[in-house]
Protein chains: 2
Amino acid sequence: MLEKIDLTKKMGKKEFKQTMEELSGKLGTLQRECRNLKIPVIIVFEGFGAAGKGTLINQLIQPLDPRGFNVYAINGESDEEQLRPFLWRFWTKTPENGRIAIFDRSWYRRVLIDRFDGLTTEKQLGYAYNEIVSFEQQLTDGGNVMIKFFLDITKKEQKKRFDKMLESKETAWKVSKGDLKRNKHFAEYKMMNEEMLQKTDTDFAPWTIIEAMDREYAAVKIISTVVDCLEKRVSNQKELERLAREEEKLENVESVEVKPGFKSSVLSSADLTLTYTKEEYKERLDELQKKLSLLHSELYRRRIPVILGFEGWDAGGKGGAIKRVTQCLDPRGYAVNPTAAPNDIEKAHHYLWRFWQTFPKAGHIALYDRTWYGRVMVERIEGFCSTQEWKRAYKEINDCEATLAHSGAVVLKFWMQIDKEEQERRFKERMANPDKQWKITDEDWRNREKWDAYEAAVDEMLIRTSTTYAPWIIVEGNCKYYARIKVLETIVKALEARIK
Amino acid sequence: MLEKIDLTKKMGKKEFKQTMEELSGKLGTLQRECRNLKIPVIIVFEGFGAAGKGTLINQLIQPLDPRGFNVYAINGESDEEQLRPFLWRFWTKTPENGRIAIFDRSWYRRVLIDRFDGLTTEKQLGYAYNEIVSFEQQLTDGGNVMIKFFLDITKKEQKKRFDKMLESKETAWKVSKGDLKRNKHFAEYKMMNEEMLQKTDTDFAPWTIIEAMDREYAAVKIISTVVDCLEKRVSNQKELERLAREEEKLENVESVEVKPGFKSSVLSSADLTLTYTKEEYKERLDELQKKLSLLHSELYRRRIPVILGFEGWDAGGKGGAIKRVTQCLDPRGYAVNPTAAPNDIEKAHHYLWRFWQTFPKAGHIALYDRTWYGRVMVERIEGFCSTQEWKRAYKEINDCEATLAHSGAVVLKFWMQIDKEEQERRFKERMANPDKQWKITDEDWRNREKWDAYEAAVDEMLIRTSTTYAPWIIVEGNCKYYARIKVLETIVKALEARIK
């Protein structure tokens, strides 16, 4: 993509001033419109060192209301960040609806500077391209405007700029050894940039190459690109919303309908007669907890992160199973993350954003009491998201779990299965017990009425999202003893397999 | 405090099991009551190495609903944390109302292990004690229950436990060189603990010493202490709320009344006739921005954090002044933090919590468009907090700013002063200009009606919170040119003074 770029483009001072004034006014107005329409915007700056990213970003933000944007300068990973998947620090920085996030360097560091410096392995490189494209697709599908700039200058110009900076004490420290090395091996580094541009130039997040030899020209091209993108989006937004609503009306019927005769049978084939006696249970529990305790310590030493998701019917035994797992763990090495209805901050982000906050550090275990699968269950059935959104979610979730697995995590997902009769028995038991009454609400009874719709949705979910790197385990749960042992056994086995 | 501790206390297995069962039930119920009453709880574990913190914390959390607490293991500071005041990582971890935060080691690290290891200087030690006491007072005043445990064992017992851990491959890695060193110099380290206990044992956050030679005894004492504290608090809470409401009814009158004749005159003595011509302004602006740009770069190199708070009347020129400051800064080194009404997450924390999130890293500049002073202005006048709360806030804010200053920060606070006529002129101008209409709302007009009450509150605030380490600067703002230059001049002067 850099081949055909004409780096001689320029702009006169007078034309520059006039154009900038006009664009600044427009940009300020567009920012307010985006805030009102709750459109999140991501602007990425990549390109060669000394191409003027800092100055150009500063010019871009001058017309903006400072209350509506953040600038993130992306340096090497901190020790905390090194313990997470590389996208973690970017997911957690994605903007709230209506806000703008500007990245001075970005997730592309992984496939550029870090690759050049040998910090990214060949295997990681392949994963990284896929993960980046999926990340950008998820965000743009989720409503983000994504604008990506690549600032292009020549090797000679870069050298000239570095030399000038090195002359003065005030700026010399800004030129790093890495900068000089990349200038020396400019052709090699340029090839990496070229490859990156080709692999990540998509219809949903295209690159705009900025000829950055002339700063006035570059500034105007950047700001007018941003203005164009936002104008298009703002004018499309209402039309889009109208269409989405109409589409929903047509499609919603399909989303809960269960076609007789074609019912999949993942759940119904679970053998719910499986049991353990209390003695068998106690013995196995004790043995498995001891093993798990040692494995936890070993995981910590080897810096392996573990993600355990728990889903299932209300009163299916999630809480009890989680408790039997955590009882034997060192509390400094695990966290239980309950997933309730999203709060207002969470609602203003991509639905996966809140889970990214809590994905575990290397060596830690994160347990989820309900998970990101809410998207394809409760959100689907209650109509909290559009048909398009929950259909898209299967791939998004698979991609997300692949990212976790590639970062070295063990990912297991448990479906706690009981039948409708057992649920009723447990609901009634809870209501009769003063210590357990709080566990049961009217909503639980209401959800129960939608059993068939949920069953169909769960069957589809289990089929579409059980992967080799993040399998679903259906836990036969009518007997609590059996269920808890199966959960522990599965975890112990998976961890032993990983460690060996 | 450790002098008189009898470390021979024990408990039989049978008594232990029975007592624990009873206590567990109570604790589970109390956790739910605290959640319903929105009481935040902080539990701190300190004490000698190998005293059993991990095991005891695990026993404590077993009866708890995992959706309602977090356990934080506090190790040495990460590179990110080193760039902030030492309380930053703790402030940001304080629990939401209704939740429990459990700290395995805590802010006391600063005056214990880090002191022993020579990481805390004598000067920092003095500050740290004050800051810790103030931190705990602010949190308990803000409604947190604070329970602090100190786990006590003998030198001999510690040695025995370390030796046992070192015998097995699975546990040997848990014993650090530091652990062994502190065992070797047990008396010296114990003295530091003794000093810490004496200096930080307060009525609002008392220490409970746990005789940790016998694990059963220790577990029961810990859980029953927690149960006692929470029982007391829960039963007091409703009574407290009732009293607070009555108190408010009596006191609220006082809070907005302006006693004639005793009006302080901080604001009214500002000379609002001061002006610059456009030419003077442009020349000074250019010169000051160039200076500031170089100073920013120097600050970054020297890792000095800067905090600039902007308060003032609506339409007082905060935004314009902030813009003139940021125009010349590298966007990677500053952030503008707007302060709006708190969102629901922020409301569920101490009012200073959200500002702690954004206090700058060393070398960065944080600008605040409105600040934590809302507590003693809008919250006071609109009755969003109790009289007791805003009265307490002066000291809390001073302590907070002292903590920032002690961590090396430059802290400046600007009050943008205009008179009532100038405000009216600007409001009308904004309404007449289609590009500025969005800046003005009905609320602005309503606030204007309370000018006198605000003036009295601001006068009191300026007097009580202008300190040597974090001064208020009253900016005469009827002439925007004059105001912006004064802001820039003050910043440049303060930064030059710090650097020289």
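In this predicted model, helix α7 of chain B covers residues 155-167. At 1.5 Å a residue, its 13 residues should span 18 Å, and the end C-alpha atoms are 19 Å apart, which agrees. The expected span is 1.5 Å times one less than the number of residues. Helices (H or I, at least four residues) and strands (E, at least two) are DSSP runs, numbered from the N terminus.

The buried residues of α7(B) are B:E157, B:Q158, B:R161 and B:F162. Seen down the axis of α7(B), these buried residues fall within an arc of 135 degrees, so they line one face of the helix. The arc is taken from the directions between the helix axis and the C-beta atoms. An α-helix has 3.6 residues a turn, so residues three or four places apart point the same way. The face turned away from the buried side carries the exposed residues B:K156, B:K160, B:K164 and B:E167. Buried means under 20% relative accessible area, exposed over 50%, and partly exposed in between (1.4 Å probe, protein chains only).

Chain A has 20 helices and 10 strands. Its C-alpha atoms fill a box of roughly 85 × 55 × 40 Å along the principal axes. Of its 500 residues, 54% are buried. Among contacts in chain A with a separation of 6 or more, 82% join residues 24 or more positions apart. Contact means heavy atoms within 4.5 Å.

In chain A, 5 strands form an open sheet with parallel pairing, in the order β7-β8-β6-β9-β10. Two strands pair if DSSP finds at least two bridges between them. The edge strands are β7 (334-338) and β10 (472-476), each pairing on one side only. Neighbouring strands are turned by 20 degrees against each other on average, direction ignored. β7(A) pairs with β8(A) (residues 365-369) in the parallel sense over 5 bridges. Here A:Y334 stands opposite A:I365.

Helix α20 of chain A (residues 480-499) lies across β6 (306-312), β9 (410-417) and β10. The helix runs at about 165 degrees to β9(A). Axes are lines fitted to C-alpha atoms, for helices over the stretch in contact, and angles run from 0 to 180 degrees between N-to-C directions.

Chain B can be laid on chain A with an RMSD of 0.0 Å by a turn of 180 degrees and a shift of 0.0 Å along the axis. The two copies are thus related as by a two-fold rotation axis. The same surface serves both copies: 100% of the contact residues of chain B recur in chain A. Superposition is by least squares on the C-alpha atoms of residues with pLDDT of at least 70 in both copies.

Residues are numbered from 1 along each chain as its sequence is written, and chains are lettered from A and ligands numbered from 1 in the order in which they are written. Local features need pLDDT of at least 70, side-chain atom pairs count only at pLDDT 80 or more, and totals for chains, interfaces and linings use all residues, while side-chain values use heavy atoms, with hydrogens and water left out.
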